[in-house]
Amino acid sequence: MLWRRIFISLFLHLYVNSREYKSDDGGNRDRFFSYNLSEQGLPVLFSGNPYSSGIKSSKRPDKLEDKAHSVELTPEAFSSGISSLWLINFYSSECHDSKLFGFYWKEAVDRAYNYNRNEDFYFGNVNCFLYEKLCLEFGVENYPKILLFDNGQLKEEFKLGDISEKNVQDIVNYMKEKTKKISSLRFKKVLKRSVSNLRLKAASKRAHINPNGQSIDLIPQNFVQLVTKGNSGWFIKYHLPYCPHCKIMKADWDKFALLMKGLLNVGEVDCSKYTSFCKDKGISGVPTMIYYKGTYSHIYKGSRKAKDFKKFSHGIFLSMPSSVHDLDTYSKYSSRFMVFFIYFYPELTSEDKDIIKWMSVVLIGKTPLLKIPKTVSFIKESSGNYPSILVFRENFLFSYPFRNSVDLKNKTRILNWMKLVWYPLFPRLTKYNYKDIMQNDFVIIIILYNPNEYKAKKQIVTSIIETWKAQYLNRFINKESGQHYSIQYVWVDGRLWRAWLYKTFKIKYGITKVIIQKKDIFWDKNLEGSYIKLNKKDILETLSTIMQDTNKIKPIHLNKQATISEKPSKNYTYIVIIVFVVIAILLMILLGFILKKTREKRQREEKNAEPLESRFE
């Protein structure tokens, strides 16, 4: 009956919610970048389950860690711990249906184990909220979803109907059917060994990564051993106990440390005790937060709130190097990110590992970083036996230009190149990226008077870049650097930045649409003397002509006094009208108040005045 189903659903909902993790324990963390978490041992094999507080036993023993019949799995488990048959529940800890199904799934697993505990059949769980990339690899987009794996390979999907008690028996019957031909001699021994190995791996990976969710007090004696020579990154706060700002941020820092449990090491140094050590680290003021990865560091410049620390940690996880060996994984990165860097190596040496570690720190908050061996066939790049650094920019691959092996170790030169290419092909010019973008040899500024035209104009720009790379790139070399000219296309809103465009380029509003800038000079007209049009032919002809001879088309010098940091021009007409109306209303109210007071005063005077007597009386 309907009322019975409603009552059962309500009961299950209350039961499930009562067993959820508390948010302070990390159960409701924001989604971290799971495609990178799998690389540095950041995820754990037994992560939070939405319907239990750890791994549960079928017989509900006094100790939760006694047995585990449904194992929480991570990406590492599929490559190292998945063998024989596994029936795996792909769920999301933020999905209401997953929480309801969790009760039935646990009951089904318990019954299946008690019924046939000697069969070589395993049960597992994957939390798609934490490991979204892994779930997408197997086509899991809706939750919950039950898949059967045979020796790590996806075999088939278990068709799950409406979430109800019927699911329990259906899963048990499915298990019986699949285990008819499986030997029943090794199940218990294999299960214990598998679970034990997974636990050992989880413990070893988490042992050195913030196991207690606390900020560790660091001293000079253990700083080198834990931070400088350690394999894991550290986010460290330098503080003074009597500093008011340090006291204010302490609660947020401790909350952040708890959120990073098992994910990121968090520490702090008391500069009142170790003054000389703090000075050696370049600390000139407190609080100062710095992320360390070995000998490399990145200074945190954001707000001192837990949510901002967490956002910064997302950037750390984003740039952690991820190994890619197959086209499917590479395609998922290329479809998800507009820009990412690739370290393309023949064989990883200690020098290669050092460069990769340095790049992961430089790219914090910027783009992902992939490690790909040259044995793969889906990337064609000719650099001989040398490693190479590539950047993927919206389906285009560009290589770091190096002349010899020394350039591959020159971090300053690599960083300068990375700053030129870690933006999309056609970004919006702002005061934040202006400095980096203007370091290119040529910057083509597209002025859009209607931002809704962006998509159409981007297609034109993409076509121009493709044609330039195929037909023009090798024809022009920068004589100063001996390399190809670096070119960046950007767009600006002609209405918002009207004042800046006029002060910098003296453009005619609504007419000038393309500007080619080279350092402190620019061109806005083609060979014919007319304004450059936003089409492939006009831009390519004008750009190639300028590269052949910068004086063939007369350049114009920039007005250096105008900068992109100026506030955009606005139309203040409506503001003036509103202010005028408000002032007029206030004056009328004030005038009415004055007239009222004057009238009242006159009436009081007339009332208090003595009546005049006639002289004839």
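I looked up V362 first. At 18% relative accessibility it counts as buried (buried is under 20% relative accessible area, exposed over 50%, partly exposed in between, with a 1.4 Å probe and protein chains only). V362 lies in helix α13, residues 350-362 (helices are DSSP runs of H or I with at least four residues, strands runs of E with at least two, numbered from the N terminus).

A note on the source. The model is predicted, so I keep local features to pLDDT of at least 70 and side-chain atom pairs to pLDDT 80 or more, while totals for chains, interfaces and linings use all residues. Residues are numbered from 1 along each chain as its sequence is written, and side-chain values use heavy atoms, without hydrogens or water.

**Helix α6**

I checked the length of α6. It runs over residues 166-178, and its 13 residues should span 18 Å at 1.5 Å a residue; the end C-alpha atoms are 19 Å apart, which agrees (the expected span is 1.5 Å times one less than the number of residues). Which residues of α6 are buried? I find N167, V168, I171, V172, Y174 and M175. Down the axis of α6 these buried residues fall within an arc of 160°, so they line one face of the helix (the arc is that of the directions from the helix axis to the C-beta atoms). An α-helix has 3.6 residues a turn, so residues three or four places apart point the same way.

**Cis prolines**

I looked at two peptide bonds. Y143 to P144 is cis, with omega near -10°. P144 sits in the loop between α5 (132-137) and β4 (145-150). V286 to P287 is also cis, with omega near -5°. P287 sits in the loop between α10 (275-280) and β9 (288-293).

**Positive phi and a loop glycine**

K506 is not a glycine, yet its phi is positive, about 55°. I place K506 in the loop between α17 (498-505) and β18 (514-518). K506 counts as exposed, at 55% relative accessibility. K519, again a residue other than glycine, has a positive phi near 55°. It lies in the loop between β18 and β19 (521-523). K519 is partly exposed, with a relative accessible area of 42%.

G482 is in the loop between α16 and β17. It is partly exposed at 46%. I took the C-alpha to C-alpha distance from G482 to P401: 9.6 Å, for residues 81 apart in sequence.

**Largest pocket**

How much space lies in the largest pocket? I note about 1,200 Å³. Of its 35 lining residues, L420, D441, H484, Y485 and S486 are the closest to the centre. (On a 1 Å grid over the protein atoms alone, a pocket is an open set of points where a 1.4 Å probe fits, with protein on both sides within 12 Å along at least five of seven lines; lining residues have an atom within 4 Å of a point.)

Four elements each supply at least two lining residues: β15 (396-399), α14 (411-421), α16 (454-472) and β17 (487-493). The most comes from α14, with six residues. Domain 3 (320-422) and domain 4 (433-557) both contribute to the lining, so the largest pocket lies between them (the bounds come from an automatic or database domain assignment).

Definitions and conventions:
Points joined across faces, edges and corners; volume = space filled by probe spheres on them.
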